[in-house]
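Me: I would like to learn how to read the features of a protein model step by step, with the general idea given before each case. Could you take me through one?

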Amino acid sequence: MKMKRAFWRKNDAPASCREVGQVLQIYLDGELQDADAALVAAHLEDCRHCGLESAAYERIKAALAQPMPEGADPEAIESLRQFGRHLTD
């Protein structure tokens with residue numbers, strides 16, 4: 001898998017919330033280059049807001065990857081899966 005370079009990084013300054021938000025899904029998918037991933041990881045460690053957002057995305061992705069629970073409304077599950085795909089676009 002080809003690792004992506006974060007287009008927003010011009011120096012080694014700490015990443016801002018906006019910058020992290022722009023690449024969070026790429027980071028969570030493990031597709032950022034190591035140097036950029038380290039900057040995002042450092043920001044997530046220090047920023048409660050971004051860390052919570054990251055954790056929420058991870059929980060949503062994990063839940064949507066699970067098999068459909070017995071008795072669940074298939075249309076509701078598909079709607080949630082579409083929402084999850086929208087988050088990663």
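Predicted model: local features only at pLDDT ≥ 70, side-chain atom pairs only at ≥ 80, totals over all residues.

Me: How many helices and strands does the secondary structure of the chain come to?

Reply: Helices (H or I, at least four residues) and strands (E, at least two) are DSSP runs, numbered from the N terminus. Here the chain has four helices and zero strands, and from the N terminus the order of its elements is α-α-α-α.

Me: What span does helix 1 reach, and what would be expected?

Reply: The expected span of a helix is 1.5 Å times one less than its number of residues. Helix 1, with 12 residues, reaches 15 Å from its first C-alpha to its last, which is close to the expected 16 Å. Just after helix 1, G30 takes a positive phi of about 75°.

Me: What share of the chain counts as buried, and which residues of helix 1 are buried?

Reply: Buried means under 20% relative accessible area, exposed over 50%, and partly exposed in between, using a 1.4 Å probe and protein chains only. Of the 89 residues of the chain, 27% count as buried; in helix 1 the buried residues are E19, V20, V23, L24, Q25 and L28. By contrast, F83 in helix 4 (residues 74-88) is partly exposed, with a relative accessible area of 44%.

Me: At what angle do helix 2 and helix 3 pack?

Reply: Axes are lines fitted to C-alpha atoms, for helices over the stretch in contact, and angles run from 0 to 180 degrees between N-to-C directions. Angles under 35 degrees count as roughly parallel, over 145 as roughly antiparallel, 65 to 115 as roughly perpendicular and the rest as oblique. Helix 2 and helix 3 pack at about 110° with their axes 5 Å apart, and they are therefore roughly perpendicular to each other. The contact (heavy atoms within 4.5 Å) is made by H43, L44 and D46 of helix 2 together with R48, C50, G51 and S54 of helix 3.

Me: Which residues does S54 touch, leaving aside those up to four places away in sequence?

Reply: S54, whose place is in helix 3, touches L24, L28 and L44 when residues up to four places away in sequence are not counted. S54 is buried, with a relative accessible area of 6%.

Me: How many salt bridges are counted, and which residue pairs with K61?

Reply: Side chains of opposite charge can pair when their charged atoms come close. A salt bridge is a side-chain nitrogen of Lys or Arg within 4 Å of a carboxyl oxygen of Asp or Glu. By this rule there is one salt bridge, formed by K61 with D29, whose closest N and O atoms are 2.4 Å apart. K61 lies in helix 3 (residues 48-65) and D29 in the loop between helix 1 (17-28) and helix 2 (34-46), so the pair ties together parts that are 32 residues apart in sequence.

Me: Are K61 and D29 buried, exposed or partly exposed?

Reply: K61 is partly exposed, at 29% relative accessible area, and D29 is partly exposed too, at 35%.

Note on methods
Residues numbered from 1 in each chain as written. Heavy atoms only, no water.
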